[in-house]
Amino acid sequence: MHTMHRTSTSTQCSSRRPPRPARMSADDEARRKVGKPCCDAAAVVRFVNQNWTLPGGPIALSSVRALNSYDDLNFFAETTDGTHRYVLKVHNGLESQRSGLLAAQTAMMRHLTRHGVVAPVPMRTDKSLTHIGSVNDDARSKKPINDDVAFLSLTKGTSSEDGRETHQHGNGHSQEHPTRFHAVRVLSFVEGTLAERSDDVRHSPEFLRDVGAFLGKLSVALETFHHPGAERTHLWDNANVLQVKRFIGVIKDETNLEVALNVLNDFERIVAPHARALRRRCCHGDLNDQNVLVTIVSPSVADIFFSPGQRPVSKKALPWAVLDFGDIVVTWIVNEIAVAAAYFSLGNDDPVGACCEIVTGYESQFELTETERRVLPTLIQSRLVCSVVLGAFSASQDKSNEQYLLLTQKPGWAALKKMRRCGDETFRERMRVSKDANTRGEPIGGVTKWIETR
């Protein structure tokens, strides 16, 4: 979810996969909305049971429930014996055409799992298991291998399947030329609680510091990852935030519009001149509080007994897994923490302080350069502008999902205005003070506020 967070019939084999279009542009945001899959859970379950032999047996239709999604379809599901849980993901029509991107997503999930970062595991299709070394009919083919994807064909404008499906098999087009192919995946269900603010997940300075450290470890793991499928022009890539101007007309409030335009002007003035000095690498691209999972740890008897004055001890939320790889892209490394800081600052009385805590935690594991620190406040605000503008645009195109798509609007504008009042120089100084205090081993929380009260 791009939070917002950006998250996710008879059988007929075909000999070709859907054609791959040009690289993503600003126009694709509208196409993603039009290309959102439209089918019922029964069709997806039937298709999955025909194309996957899963540990635990077939998917039980009675267990399926819809999950929130920006422009895909995601379903939670259990097997008939109740022992295994999965997420059934139907990709939007636009992303389904990008076989290289699908391969890159799979590769990143598997890479992180191998390097100790918990992520969903893509399950291989039955078709892929009949091939040794390649799932392509032609072993000499240079096209990306998608051993975890099968393609479901849907007729545009219907709410259920059109009676035709296609396995992943070569290029994917059937002789009947269905209206649109949608890539389907089965992912292992990762247990945990979303990192969004709740009674069990308090966005305290300690928690934000822990989140930052977890994301820093993720960045360390991705240092050795690269995939050509992630080399793309993506509208949600913070490096391309100026393309958002094409959608700025959806902002009707004059004050909000002025804030958004000022941030974009700052991007041109502060970030753009340093573009070549910013390190680039494949990034997750959407580490918001809907895409990070935590595990809730209850206090032990010893914790309660030895607490000062035997005060009540709260449950502790520990970040431990990451979800939703739909926005992976080769971009500036600093964008990874900029996106996370932007979203985790929402709803906080002091969004700048929240950003400082998560950035300090991140740098305890993955050090930023001085240039990256200089542009970071602008990049954080740029992501919030991208989120509120594109969220408003998407809601105007998809009324049925409006509540979910507008999730960041009110807190997004509130955080942006507070960051603008703070100013970039104070923002940078507060980050420096927080980092230095952490280096000295000072207690977490409160340190970054001294500048405004000194």
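Two strands are said to pair if DSSP finds at least two bridges between them. With that in mind, let's look at this predicted model.

Strands of a sheet pair through backbone hydrogen bonds, either parallel or antiparallel. For one example, find strand β3 (residues 73–78) and strand β4 (residues 85–90), which pair in the antiparallel sense over six bridges. Here Phe76 has Val87 in β4 as its bridge partner.

## A pair of aromatic rings

How many aromatic pairs does a search of the whole structure find? The search turns up five. One of them joins Phe151 and Phe181: the ring centres are 6.5 Å apart and the planes stand at 85 degrees, so this pair is edge-to-face. Phe151 belongs to strand β5 and Phe181 to strand β7, so the pair ties together parts that are 30 residues apart in sequence.

## The three-stranded sheet

A second open sheet has three strands, in the order β8-β10-β11, again with antiparallel pairing. Which strands stand at its edges? They are β8 (193–194) and β11 (316–322); each has a single partner strand, so one side of each is left without a neighbour in the sheet.

Strand β10 (residues 292–297) pairs with β11 over six bridges, in the antiparallel sense. Leu293 stands opposite Ala321 in β11, while Ile296 has Ala317 of β11 as its bridge partner. On the other pairing, β8 and β10 are joined by two bridges, also antiparallel, and Thr193 stands opposite Val294 in β10.

## Helix α6 and its neighbours

Helix α6 lies across β10 and β11, and runs at about 20 degrees to β11. Now follow α6 (residues 205–221) to helix α10 (residues 351–363): their axes come within 6 Å and cross at roughly 40 degrees. Angles under 35 degrees count as roughly parallel, and 65 to 115 as roughly perpendicular; α6 and α10 are therefore oblique to each other. Their crossing is right-handed.

The residues of α6 that make this contact include Pro205, Leu208 and Val211, and those of α10 include Ala354, Ile358 and Tyr362. By class, the residues in the contact of α6 with α10 are eight nonpolar, five polar and two charged.

## Helices α7 and α11

Helix α7 (residues 254–271) and helix α11 (residues 370–397) have axes that come within 9 Å and cross at roughly 145 degrees. Is the crossing of α7 and α11 left-handed or right-handed? This one is left-handed.

On the α7 side, the residues that meet α11 include Val263, Leu264, Asp266 and Phe267. Their counterparts in α11 include Val375, Leu379, Gln381 and Val385. The contact of α7 with α11 has nine nonpolar, three polar and one charged residues.

Note on methods: Residues numbered from 1 in each chain as written. Predicted model: local features only at pLDDT ≥ 70, side-chain atom pairs only at ≥ 80, totals over all residues. Heavy atoms only, no water. Helix = DSSP H or I, 4+ residues; strand = E, 2+ residues; numbered from the N terminus. Axes fitted to C-alpha atoms, helices over the stretch in contact; angles between N-to-C directions. Parallel < 35°, antiparallel > 145°, perpendicular 65-115°, else oblique. Left-handed = near helix turned anticlockwise from the far one by under 90°. Contact = heavy atoms within 4.5 Å. Nonpolar A, V, L, I, M, F, W, Y, C, P; charged D, E, K, R; others polar. Phe/Tyr/Trp six-rings, centres within 6.5 Å; stacked < 30°, edge-to-face > 60°.
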